[in-house]
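Try each task before you read its solution.

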Amino acid sequence: MASLHIPCTTTTTTTAPSSATRPSSRHHFAKPSRFITHAKRSNRLQISCSDSQKGKDSFRNAGTPRDNVDRRNVLLGFGGLCGAANLISTHTASANPVQAPQIDKCGVATNLNTGKQLDINCCPPMGKNIIDFKPPPIIQTRTRPSAHRVSAEYMFKYNTAIDRMKRLPKDDPRSFMQQANIHCAYCNGAYDQPGQGTLDLQVHNSWLFFPFHRWYLYFYERILGKLIGDPTFALPFWNWDNPKGMTIPPMFVDPKAAIYDAKRNPANMPPAVVDLGLTGNKDPLQVVSNNLTVMYSEMVRANSDIYDFMGNPYREGTLVNPGPGASERGSHVAIHVFVGDPREPSGEDLGNFYSAGRDPLFYCHHANVDRMWTLWQYFLPNNKLMDKKITDPDYLNASFLFYDENAQLVRVTVKDCLDNTKLGYDYERVDLPWLDYRPPPQTAQAKVMRTVSTARKADAVFPLKLDGIARVLIQKTKKGKADELLVIEDITVDTSKFLKFDVFVNDEDDNVGELDKAAYAGTYAQVPHKTNDKTATTSIRLKLTDLYDDMDVTEDDTVLVTLVPRHEGEGVTIGGIKIIENPTPAKTS
């Protein structure tokens, strides 16, 4: 069981991204936790359409090409997976933004788990004309509430809106199933990139993940408000990052409610605590502590530059799935897996791309994912994180199509959604207990040294089939504390399986069910999905700078890396592990 206290936080800062090579507390509130107030934001995002980011998206994975491949050879998955790395290219990158899909060319989507074509039509109705988005005047800011704190009045209003959405004609683009199918079409291969032959359009595992889902929820929310005649209506967010919100929100478990979905994991109904680390630990206090550690890691500790959080660049004509950010492959994936029903053939509803939007909880979950982006952009202390602006025009001008509350087809761009307040909504302020949840320092080295004496060196281990816990010695770039990154290369996976492994550095014990310790470095995860040969290859990187600060590595020129699979059986082969100097070193203050 975790001992619960919230330690003091030390911080580091990093600069804006460079072009260097890269891979694709324990008491709940023992001391006052950070509280986000309604104070005016500082350091607002300034848009500059410079071309400074071009050339910085060579998958950001050491030894990984930026070439493009046919969609039959690429990876489609929820998180943790970047792209098939060493395949022959048949497309040439055009260095232009990804364009909105051509709805009249929408095709049959695929069940990524079974590899079979879906027996449903995920394509939206044809629109007569497309208009460009113009933000409506904001009379009153919509405030998205915490799902665990809503009133009975709000629950009635929310259920009424969903009920009316379900009663709309099936061919109305605002109807419940048509809205759910948006995720199916954009994520299951129904759309090709315009002008790029049969190359899929994919909105996951890249820098498009946050903007696409922000727009998706924006229009979904406005449609619900229109249906009940309340322009101030706002979606709830499931604040699974706070101990008070780490169960499925009670209003979603009433079988008589319009927001109920029978296709959820019955073992994870309240009072089951969300397991963001997917460790399988049965101690709820330890799970809460693990969850706060996961949040601190993916929001602060493990990120070296902007792409570590946002995801890697994705341009017109380039390979899909260039690489997800820490939040997408972490807590985002964990909630999909936690809620999806294992009794269903493909983990429906929330556990599969094509069906995720059929569960109203999906939008509540993604509201919190969007909230994480907002917190990261504007509220996390600047001295903890790097520059958070992407000025690349290929990012800013990427576009999508959505139907609005009036059933009008609208073209939107990334640059128009960067500030949520300009879209007329904000979030209820709640505690952020993970913000200061830095793990306690690790001082004892005895157990580590005993393990080091029996661990194998990297050149004698890789490639490695990860079917059990593996420990390997990795050479540092310099002795002692240093600003370094751990690169795990050529992770080849069986894409038909759920796969996940955690990474520890100089772990002083073998209690792999506990993540709340200095040795926890990060994670890799995927949900089952389809590729042509059921395999895909990717790489990840994890920042070690803060980890070193939390343990004694003064005289070390090597570290012990432990890989802990959270899945059963085979399915993962790792090509190699190395440590490199951080190409975007921390600022000194």
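## Exercise 1: the open sheet

This is a predicted model, and in it five strands make up an open sheet of mixed pairing, ordered β7-β9-β14-β11-β12.

Task: Find which strands are the edge strands, then work out how β7 is joined to β9.

Solution. Start at the ends of the order: the edge strands are β7 (456–457) and β12 (520–526), each of which pairs on one side only. Next, look from β7 to β9 (residues 470–475): the two strands run parallel and are joined by two bridges. Finally, pick out one partner: Arg456 has Val472 in β9 as its bridge partner.

## Exercise 2: the largest pocket

Task: Describe the largest pocket by its volume and by the classes of its lining residues.

Solution. Begin with the volume, which is about 540 Å³. Then turn to the lining: it has 20 residues, and those closest to the pocket centre are Asn268, Asp275, Leu278, Gly280 and Lys282. Helices α4 (284–301) and α6 (326–339) each contribute at least two lining residues. Sorted by class, the lining of the largest pocket holds nine nonpolar, five polar and six charged residues.

## Exercise 3: salt bridges across the chain

Solution. Asp549, with a relative accessible area of 36%, is partly exposed.

## Exercise 4: a buried pair and a network

Task: Locate the partners of the salt bridge between Glu221 and Arg144, and list the network that joins them to other residues.

Solution. The closest N and O atoms of Glu221 and Arg144 are 2.8 Å apart. Glu221 is in helix α3 (residues 209–227) and Arg144 in strand β3 (residues 142–144), so by the run definitions used here the pair links distant parts of the chain, 77 residues apart. Both Glu221 and Arg144 are buried. To finish, follow the shared partners: salt bridges join Arg142, Arg144, Arg214, Glu221 and Asp370 into one network.

Note on methods
Residues are numbered from 1 along each chain as its sequence is written. This is a predicted model: local features need pLDDT of at least 70, side-chain atom pairs count only at pLDDT 80 or more; totals for chains, interfaces and linings use all residues. Side-chain values use heavy atoms; hydrogens and water are left out. Two strands pair if DSSP finds at least two bridges between them. Helices (H or I, at least four residues) and strands (E, at least two) are DSSP runs, numbered from the N terminus. On a 1 Å grid over the protein atoms alone, a cavity is a set of points where a 1.4 Å probe fits but cannot get out, and a pocket is an open set with protein on both sides within 12 Å along at least five of seven lines; lining residues have an atom within 4 Å of a point. Grid points are joined across faces, edges and corners, and a volume is the space filled by probe spheres set on the points. Ala, Val, Leu, Ile, Met, Phe, Trp, Tyr, Cys and Pro count as nonpolar, Asp, Glu, Lys and Arg as charged, and the others, Gly among them, as polar. A salt bridge is a side-chain nitrogen of Lys or Arg within 4 Å of a carboxyl oxygen of Asp or Glu. Buried means under 20% relative accessible area, exposed over 50%, partly exposed in between (1.4 Å probe, protein chains only).
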